[in-house]
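Trainee: I have a multi-chain model open. How should I read its burial, its helix packing and its chain contacts?

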Amino acid sequence: MSAAIGDPATDFLVLQDVRTHFDLGRDFLTRQSKGVVKAVDGVSLTVRKGEVLGLVGESGCGKSTLSRTIMQLIRPTSGQIWLEGEELSAISDQDIRETRKNFQMIFQDPYASLNPRMTVMDTLAEAIRTRHPGLNAEEMRGRVSDLLRTVGLNPVQMKRYPHEFSGGQRQRIAIARALAPEPKLIIADEPVSALDVSIQSQILNLLKRLVREMGLTMIFISHDLSVVRYVADRIAVMYLGHIIELGSAEAVVDKPLHIYTKALMSAIPLPDPRAEKARTRIILPGDLPSPLNPPSGCVFWPRSPVEHDERLKTVPPGFAEVYPDHWAADCPFCVEKPA
Amino acid sequence: MADLASKLPLSPAPITPEQLEQGSSLWSDAWARLRKNKLALGSLFMFILIGLFCVVGPWLSPYDSQAQNLFAGAEGPSADHWFGTDTLGRDLMVRVMEGGRISLLVGLVATSVSLLIGVVYGATAGYIGGKVDAGMMRFVDLLYALPFTIFVILLMVAFGRSLWLMFVAIGCVEWLTMARIVRAGVIDLKKQEFVEAAVSLGLSNRRIILRHLIPNVLGPVIVIATLTVPAVMLLEAFLSFLGLGVQPPNASWGVLINEGQQNMEIFAWLLIFPAFFFALTLFCLNFLGDGLRDALDPKSAGD
Amino acid sequence: MALLEVSGLTTHFHTRNGVVRAVDGVSFSVDRGETLGIVGESGSGKSVTCYSLLRLIPEPPGRIESGTAMFDGQDLLQMTQAQLRQVRGKRISMIFQDPMTSLNPYLRISTQLVEALQVHSDIDDKAALAKAIAALEEVGIPEASRRVRSYPHEFSGGMRQRVMIAMALITDPDLLIADEPTTALDVTVQAQILEIIRQRQEKLGTAVILVTHDLGVVAGTCDKVNVMYAGRIMESGTAEQVFYEARHPYTRALQKTIPSLQKKGQKLFTIPGLPPDLAKPITGCAFYPRCPYPKVAGPVGDVPVLRDLGNGHCHAECHFCDSTAPIESVLPEDLAEDAVVGDAAPAEGGAA
């Protein structure tokens with residue numbers, strides 16, 4: 001398990017056995033515990049400098065909680081997080097605000113992610129000021145125009161309000177805001193799923209270009225493997241608070257190891273009628289189990305088409321390097337080992 | 001990546017402020033919608049006229065509102081006294097103007113007080129949430145449970161009667177509703193991603209509340225405020241009626257209406273003039289409030 | 001004769017900002033047991049088309065201006081409200097995008113299913129309940145006889161959408177209209193739901209109109225496809241015709257933007273610009289400003305008409321561009337990428 005994570009002193013971002021649980025408190029009358037939601041339950045991960053790590057999973061798998069835990073918007077229940085050798089999880093709640101500008105997020109819904117009462121200029125200036133507090137009006141205008149040009153918007157529109165832009169343009173503004181504080185890591189949380197197909201590709205191209213030209217490090221969250229495959233260098237597949245597969249984008253998409261990854265791949269509808277008719281789908285039975293009461297042992301056993309033995313229904317499997325740099329949950333029923 | 005700025009493309013030419021296209025804010029859009037609403041705009045205009053009449057009027061009038069003239073007692077409207085005189089021979093028009101000053105002052109000041117307390121209190125409770133929110137809102141519930149009249153009587157007994165105390169008393173009651181509305185709005189907004197984006201910039205709570213939350217709940221708050229002004233004026237009239245508010249020889253519309261109704265069978269004008277102005281103001285504010293609601297929230301308006 | 005024959009359907013919204021031509025002269029037909037996919041981006045008029053058929057458009061501001069929709073010999077657009085109620089839910093059912101809001105949260109699933117049945121037929125409570133349980137079993141809800149007593153919030157999103165399907169099909173309708181039924185769901189759940197719709201359709205012989213923005217969903221489930229843009233049909237035909245022999249520039253461009261069809265490392269093909277503002281009158285081809293093909297005529301002219309190629313494959317015959325030129329050659333590598341996006345324009349026309 002420990003081999004999956006890098007060296008906290010030298011690697012860019014390292015997570016070790018991070019858990020984020022939400023205690024639902026006690027019932028008002030009976031004083032019985034309402035339970036604990038184990039949204040992130042033991043994630044170890046390394047993000048390399050300059051890479052795009054795709055984080056894939058269905059709703060409720062804990063990918064959003066994990067990203068907010070990395071950003072320190074939610075503090076982890078246990079485990080450690082290091083950014084460039086500094087242990088973020090050890091910083092006190094009072095001082096954590098200072099570190100937040102190192103992480104910026106691009107959100108899913110461009111209609112909710114911009115303050116409707118602030119002009120583009122005000123929104124971006126507020127973000128720039130967190131890094132450069134002393135800029136005068138002219139310098140600020142210069143920086144805002146540069147940012148807008150970078151994301152493909154016309155700087156003469158900086159005095160306009162969000163509602164005067166289309167969804168795709170708003171997402172560009174949100175990307176500009178994420179770039180403004182010169183963050184060390186950008187987390188893009190489903191940045192294209194709310195956009196129309198023809199606009200999606202514009203935004204994906206923009207993100208790819210920014211990554212290439214600026215050397216950004218990014219965690220790209222999506223439920224859509226085909227989109228992630230296109231942007232990410234490596235992909236981590238998450239299920240019920242655990243990472244169950246991790247490897248290069250090509251390896252995970254073309255030679256998935258875990259049966260859940262295979263099911264995810266086969267569920268993506270292909271825009272090709274003949275291929276669609278020819279393929280056999282792995283249709284998973286049932287729904288995602290509740291993170292309030294996750295299965296013990298291998299998290300996937302209740303939905304797995306392959307019957308698990310009693311040991312793996314109780315003892316959680318580790319994480320093993322099946323091929324070089326291609327990791328998967330060490331469960332012989334979910335993952336076929338190479339001969 | 002720390003020197004990300006250096007990697008941005010150099011601007012071909014600096015943008016000058018003159019080149020910038022001016023956006024239209026949601027406020028200016030709302031104003032444009034309000035301007036199309038004839039009833040609301042007329043009400044606003046009428047309300048300003050009434051205000052001017054009350055504020056400027058007494059300086060232009062040759063009469064002193066408290067100068068009694070027992071020989072000219074209770075005369076109907078005439079060329080000298082357009083609204084007539086009351087039983088003590090005081091010019092009713094000046095008294096209506098001065099009464100209006102007090103009534104409008106009570107309405108506006110008490111509403112402003114309740115606005116200020118309510119917005120800050122509600123936004124803080126809603127934003128911080130958890131136990132702080134629970135505690136703060138239980139306090140609001142406690143004040144809600146207090147019977148208003150007894151509360152005012154207690155205040156009067158403890159501190160003696162004064163106009164300022166009445167502002168405090170009314171403000172203390174009215175801010176509760178405001179706080180609840182603002183809190184509910186803030187709790188809705190807090191889940192919006194732009195607030196999360198502000199948090200992830202490391203902005204202070206104060207800045208997030210002032211820049212990102214309050215401007216976005218102000219729409220419904222303004223509507224409630226316009227509807228609170230008439231409510232407060234009615235409360236003042238009620239308190240004055242009980243003898244807890246403005247006392248003679250000072251006048252408010254509430255006091256004048258009270259005096260008028262005692263004599264309405266003989267000297268009807270004593271009731272008609274103050275009641276007319278009072279009712280007109282209430283109508284104006286209510287129409288204005290409705291118009292503002294439609295203008296600020298175009299989705300709710302029947303288009 | 002086709003089960004549903006729509007011709008010249010035109011629905012406009014009369015808003016403060018002008019007349020939004022949400023649907024502008026749409027014609028198509030659906031046969032019994034057939035699945036028709038309507039694809040398009042937001043604002044293309046695909047949903048408004050379906051809502052118009054059942055006259056679920058808010059009026060005002062919406063108004064069905066013209067057209068006919070012959071359903072089994074009767075014109076849906078001319079029916080009285082009483083006649084419509086006989087059709088809605090009984091012969092034509094609808095599934096909506098959001099399974100969270102389309103069930104009444106205060107009523108048990110059993111109540112809602114039984115109500116759907118009893119509105120349209122004389123059936124006693126006991127028989128209706130038995131039928132409701134059977135309907136839930138058919139859409140794959142485990143322990144249906146126990147869970148029929150649950151409230152909607154006790155189900156997950158996927159389960160709720162199954163309940164919606166059960167409710168829509170319980171009256172054995174001739175036509176099911178599904179408006180983005182899987183958009184709010186995860187991909188694995190989407191696969192389950194599409195499979196259930198397919199199975200039920202096979203068994204009951206129901207015709208289905210599937211409205212979606214996802215070309216992949218269409219490819220796997222639909223017999224026929226209409227591609228809509230700016231309130232008009234740009235291309236229609238069998239799924240194979242539309243996917244393999246696409247004629248219209250928009251259909252071709254749309255297919256090329258899908259990431260899963262692109263090689264990794266290659267720049268994604270992009271349609272530049274934004275969909276048109278439907279509150280402004282469109283002359284000529286609505287796609288003209290974004291069309292990647294070489295232009296051979298100016299932007300004004302007659303609206304291209306749908307031309308049938310003889311085998312049911314229709315496309316808006318465009319005389320503005322040379323669509324025989326290969327698409328790659330006309331789109332410079334970075335045309336879309338660094339282009340400063342045009343004027344700020346609200347994307348929505350104000351229509352629902």
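Mentor: Start with burial. A residue is buried if 20 or more other C-beta atoms lie within 10 Å of its own, and exposed if 12 or fewer do. Keep in mind that this is a predicted model.

Trainee: What percentage of the residues in chain B is buried?

Mentor: Chain B has 303 residues, and 40% of them are buried. Chain C has 352 residues, with 48% buried.

Trainee: Is A:Ala90 buried or exposed?

Mentor: Count the neighbours. A:Ala90 has 9 other C-beta atoms within 10 Å, so A:Ala90 is exposed. Now place it on the chain. A:Ala90 sits in the loop between β5 (86–87) and α2 (96–99) of chain A. From A:Thr77 it is 13 residues away in sequence, and 12 Å away in space, C-alpha to C-alpha.

Trainee: Next, the elements. How many helices and strands are there in chain B?

Mentor: Chain B has eleven helices and zero strands. Chain C has eleven helices and twelve strands.

Trainee: At what angle do α4 and α10 of chain B pack?

Mentor: Read the angle and the axis distance together. Helix α4 (residues 92–128) and helix α10 (residues 253–262) of chain B pack at about 130°, with axes 7 Å apart. That angle makes α4(B) oblique to α10(B). From α4(B), the contact uses B:Arg95, B:Val96, B:Gly99, B:Gly100 and B:Ser103. From α10(B), it uses B:Trp253, B:Gly254, B:Val255 and B:Leu256. By class, these residues are four nonpolar, four polar and one charged.

Trainee: Which residues make the contact of α4(B) with α5(B)?

Mentor: Geometry before residues. α4(B) and helix α5 (residues 130–145) of chain B pack at about 145°, and their axes are 7 Å apart. α4(B) contributes B:Tyr121, B:Ala125, B:Gly126 and B:Ile128. α5(B) contributes B:Gly130, B:Val132, B:Asp133, B:Met136 and B:Met137. This contact has six nonpolar, two polar and one charged residues.

Trainee: Which residues is C:Leu113 in contact with?

Mentor: Set aside its neighbours within four places in sequence. C:Leu113 then contacts C:Ala132, C:Ala135, C:Ala166, C:Met167 and C:Ile170.

Trainee: Last, how many residues of chain C are in contact with chain A?

Mentor: 47 residues of chain C are in contact with 39 residues of chain A. On chain C's side, α6 (157–169), α7 (187–204), α8 (215–221), α9 (239–244) and α10 (249–256) each supply at least two residues. The largest share, six residues, comes from α7(C). By class, the side of chain C that touches chain A has 24 nonpolar, 14 polar and nine charged residues.

How values were computed. Residues are numbered from 1 along each chain as its sequence is written. Chains are lettered from A and ligands numbered from 1 in the order in which they are written. This is a predicted model: local features need pLDDT of at least 70, side-chain atom pairs count only at pLDDT 80 or more; totals for chains, interfaces and linings use all residues. Two residues are in contact if their C-beta atoms, placed from the backbone, lie within 7 Å. Helices (H or I, at least four residues) and strands (E, at least two) are DSSP runs, numbered from the N terminus. Ala, Val, Leu, Ile, Met, Phe, Trp, Tyr, Cys and Pro count as nonpolar, Asp, Glu, Lys and Arg as charged, and the others, Gly among them, as polar. Axes are lines fitted to C-alpha atoms, for helices over the stretch in contact, and angles run from 0 to 180 degrees between N-to-C directions. Angles under 35 degrees count as roughly parallel, over 145 as roughly antiparallel, 65 to 115 as roughly perpendicular and the rest as oblique.
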